Amino acid sequence: HDAKGSLLDSIASVDKIVEFAKQNNQSAIALTNHGLMTSFVDFVKECNKNNIKPILGCEIYEIDNMYEKQDTKDYQQPRYHLILLAKNKIGLQNLFKIVSISNTEGFYKKPRVSLDWIENNNCGEGIICLTACQAGRLSRYLTANKELEALKFIKQLQSIFDYVSCEVQSHNTDQQNICNKKIYEFSQKYNLPYVITTDAHMINKNEIDTHAIFVEIGEGREVGE
């Protein structure tokens, strides 16, 4: 994530992210803003300047029905996170289409898109799909012990995108450890690939308090909440 693309979600900047990657001898780095790709140009320029491969992607909000929108307190249609990475030029063009439609026809409070739209418009070609964080549908299903729903979801992703990988994250919290165990066991049972990621919203530990205040202000919460 970065501050420009993931509004009110990250304090990191593109130049600091790329600088960190270079200092730590990373040959490539991915930037996946929430529902947007506004950092795309700056990210590519900065990576090229530092001889680092930019992996272009987006953390989309996927939803059952992107055309359902209501202004009532009873509206309960959940949004799920999903990571999409462009594998090639076709994938990047399709990613642009997905992000554009989610910010126009699908927009309701957040940019949203349904998997049916991606499938029906053949926009999964050239895209690598990761199942995202605890806010992803796979994680939600497995922690609720809904294994059949999880398998059905993975099969749907596989029918849409070029490559699909289960995602576990390297955050040392009780809840994340539970998710990781369930996702890993699920991947082994059904012979699915998995990838280990870090959902980074800041560059280093020293920025935790600053980031917390930033998010609290952005969400209208009390500081410390």
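1. Tyrosine 184 first: the residue sits in helix 7, which runs over residues 174-189. Helices here are DSSP runs of H or I with at least four residues, strands are E runs of at least two, and both are numbered from the N terminus. With a relative accessible area of 38%, tyrosine 184 is partly exposed; the cut-offs are under 20% for buried and over 50% for exposed, with partly exposed in between (1.4 Å probe, protein chains only).

2. A word on what you're looking at. This is a predicted model, where local features need pLDDT of at least 70 and side-chain atom pairs count only at pLDDT 80 or more, while totals for chains, interfaces and linings use all residues. Residues are numbered from 1 along each chain as its sequence is written, and side-chain values use heavy atoms, with hydrogens and water left out.

3. What does tyrosine 184 touch, leaving aside its neighbours within four places in sequence? Val168 and Tyr194 are its contacts, a contact being heavy atoms within 4.5 Å. Cysteine 166 is 18 residues away along the chain, and its C-alpha lies 8.0 Å from that of tyrosine 184.

4. Accessible areas come from the Shrake-Rupley method with a 1.4 Å probe, and for residues only the protein chains shown count as cover.

5. Now the rings. Phe, Tyr and Trp (its six-membered ring) pair if their centres lie within 6.5 Å; planes under 30 degrees apart are stacked, over 60 edge-to-face, and the rest tilted. That rule gives four aromatic pairs. In one of them, tyrosine 141 and phenylalanine 153 have ring centres 6.4 Å apart and planes at 75 degrees, so they are edge-to-face. Tyrosine 141 belongs to helix 5 (residues 137-143) and phenylalanine 153 to helix 6 (residues 147-160), so this pair ties together parts 12 residues apart in sequence. Both partners are buried: tyrosine 141 at 17% and phenylalanine 153 at 3% relative accessibility.

6. Phenylalanine 186 and tyrosine 190 also pair, with centres 5.1 Å apart and planes at 55 degrees, so this one is tilted. Phenylalanine 186 is buried at 4%, whereas tyrosine 190 is partly exposed at 27%.

7. Helix 5 also holds serine 139, buried at 3% relative accessible area. Not counting residues up to four places away in sequence, serine 139 touches Cys133, Gln134, Cys179 and Ile183.

8. Asparagine 51 has a positive phi, near 60 degrees, in the loop between helix 2 (40-49) and strand 2 (53-62), and is exposed at 72%. Asparagine 145 has a positive phi of about 60 degrees in the loop between helix 5 and helix 6, and is exposed at 61%.

9. For the chain overall, there are eight helices and seven strands, and buried residues make up 44% of the 225 residues. Of the contacts between residues at least 6 apart in sequence, 72% join residues at least 24 apart. The chain exposes about 12,400 Å², with carbon and sulfur atoms supplying 49% of that.
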